[in-house]
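Subject: Structure handover

Hello,

Here is the structure I said I would pass on. My notes on what was found in it follow below.

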Amino acid sequence: MSALAYDGTAMLGRQLRRVRNNPGLLILTQIMPVSMLLFFGYVFGSALAVPGEEYRRFLVPGLLVATASGGIMTGMFQAAQDTHRGVMDRFRTLPMSRAAVPLGQALADLVVTVAGTVLFLLVGLAVGWRIEGGALAAAGAFGLLLLFRFACVWIGIFLGLLTRNEEASGQLGGATFLLPLLSSAYIPTEGLPGWLRTAAEWNPISAVATALRDLFGNTAVPEGAAWPVTHPVAGSLLWCALLLAVFVPLAVRTYAAGPR
């Protein structure tokens with residue numbers, strides 16, 4: 001375990017230096033959620049009505065979760081880039097824990113996510129969004145958001161190691177933008193057709209978005225929805241545990257196995 005901690009810390013430092021050396025990509029990934037908040041909040045906000053609620057109170061937690069799900073794309077691209085350029089092959093020749101490289105990437109992504117979340121929340125406060133629940137509940141919301149991001153990054157790392165190609169991972173990563181659209185991140189699911197509503201409510205993004213809205217005190221938990229949405233905190237934790245239980249071993253095993 002000590003070897004994993006030592007090697008993982010070294011890989012964390014390497015990934016953070018990688019981010020520092022590519023400031024353009026960092027700025028783009030941090031500005032995009034803010035741009036979406038301003039666009040959806042002001043351009044669509046007057047047209048989208050949430051019964052009994054002001055749309056930006058509904059939107060901000062949803063956008064936080066939609067941005068967290070983007071960890072699939074970033075994790076996939078970075079892992080595929082390192083694999084395609086032979087960096088992963090060089091790491092495999094070193095006497096280090098096989099879990100250290102993907103773990104370092106996932107932890108570095110969390111550090112960058114924290115910085116981006118602070119910026120996003122400041123803009124959210126500027127446009128009128130507020131934390132209306134207690135401090136402990138709000139801290140739980142932030143923790144749940146980071147846990148979901150952590151799980152999403154592991155999905156991306158596995159897929160990136162599997163594709164081993166920057167171009168393919170970029171194309172596949174673009175498809176992940178559809179995931180928040182099939183959820184309650186941007187709109188309530190009550191008005192969706194039956195089969196589409198069921199699919200949206202069993203989307204992990206819907207559970208986490210509903211949990212954040214509840215913990216922040218922004219909107220009430222909807223009634224008559226699927227179990228993960230009517231029990232959003234428990235549903236979100238179960239989704240995160242399931243995703244981590246599946247994709248962490250898959251990512252580590254795929255990294256250790258190397259190209260075939």
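Is the crossing of helix 1 and helix 6 left-handed or right-handed? The crossing of these two helices is right-handed. Before the rest, please keep in mind that this is a predicted model.

Helix 1 and helix 6

Helix 1 covers residues 2–20 and helix 6 covers residues 100–126. The two pack with their axes 7 Å apart, at an angle of about 50°. That angle makes helix 1 oblique to helix 6. On the side of helix 1, the residues that meet helix 6 are Leu4, Asp7, Gly8, Met11, Leu12, Gln15, Leu16 and Val19. Helix 6 brings Ala100, Val101, Leu103, Gly104, Gln105, Leu107, Ala108, Val111 and Val112 to the contact. Sorted by class, the contact of helix 1 with helix 6 has twelve nonpolar residues, four polar and one charged.

Helix 11 and helix 13

A second pair of packed helices is helix 11 (residues 204–216) with helix 13 (residues 232–257). Here the angle is about 135° and the axes are 8 Å apart. Helix 11 is therefore oblique to helix 13. Helix 11 passes helix 13 in a left-handed crossing. Pro204, Ala207, Val208, Thr210, Ala211 and Leu215 of helix 11 make the contact with Pro232, Val233, Gly235, Ser236 and Trp239 of helix 13. By class, the residues of this contact are eight nonpolar, three polar and no charged.

Helix 13 also holds Ala241. Ala241 counts as partly exposed, at 44% relative accessibility. Ala241 and Arg18 are 223 residues apart in sequence, and their C-alpha atoms are 29 Å apart in space.

Aromatic pairs

How many aromatic pairs does the structure hold? There are five aromatic pairs, and two of them are described here.

One of the pairs is Phe142 with Phe216, which is edge-to-face, with 5.5 Å centre to centre and 65° between the planes. Phe142 lies in helix 7 (residues 135–163) and Phe216 in helix 11, so this pair ties together parts that are 74 residues apart in sequence. Phe142 is partly exposed, with a relative accessible area of 27%, whereas Phe216 is buried, with a relative accessible area of 0%. Phe142 and Phe216 also belong to one aromatic cluster with Trp129.

Another pair is Phe150 with Trp154. The ring centres of Phe150 and Trp154 are 6.2 Å apart and the planes are at 85°, so this pair is edge-to-face. Both residues lie in helix 7, four residues apart, which is about one turn of the helix. Phe150 is buried, with a relative accessible area of 17%. Trp154 also counts as buried, at 3% relative accessibility.

A backbone point

Where is Arg164 found? Arg164 is in the loop between helix 7 and helix 8 (166–174). Most residues other than glycine have a negative phi. Phi of Arg164 is near 60°, a positive value in a residue other than glycine. Arg164 counts as partly exposed, at 35% relative accessibility.

Is Leu37 buried or exposed? Leu37 counts as buried, at 1% relative accessibility. Its place is in helix 2 (residues 23–44). Not counting residues up to four places away in sequence, Leu37 touches Tyr42, Leu59, Val60, Leu63, Phe120, Val123, Gly124 and Val127. Leu37 and Gly133 are 96 residues apart in sequence, with 21 Å between their C-alpha atoms.

Tyr55 is in helix 3 (residues 55–69). Tyr55 counts as buried, at 4% relative accessibility. Tyr55 and Ile31 are 24 residues apart in sequence and 21 Å apart in space, C-alpha to C-alpha.

Regards

Definitions and conventions: Residues numbered from 1 in each chain as written. Predicted model: local features only at pLDDT ≥ 70, side-chain atom pairs only at ≥ 80, totals over all residues. Heavy atoms only, no water. Axes fitted to C-alpha atoms, helices over the stretch in contact; angles between N-to-C directions. Parallel < 35°, antiparallel > 145°, perpendicular 65-115°, else oblique. Left-handed = near helix turned anticlockwise from the far one by under 90°. Contact = heavy atoms within 4.5 Å. Nonpolar A, V, L, I, M, F, W, Y, C, P; charged D, E, K, R; others polar. Phe/Tyr/Trp six-rings, centres within 6.5 Å; stacked < 30°, edge-to-face > 60°. Buried < 20%, exposed > 50% of the residue type's maximum accessible area, 1.4 Å probe, protein only.
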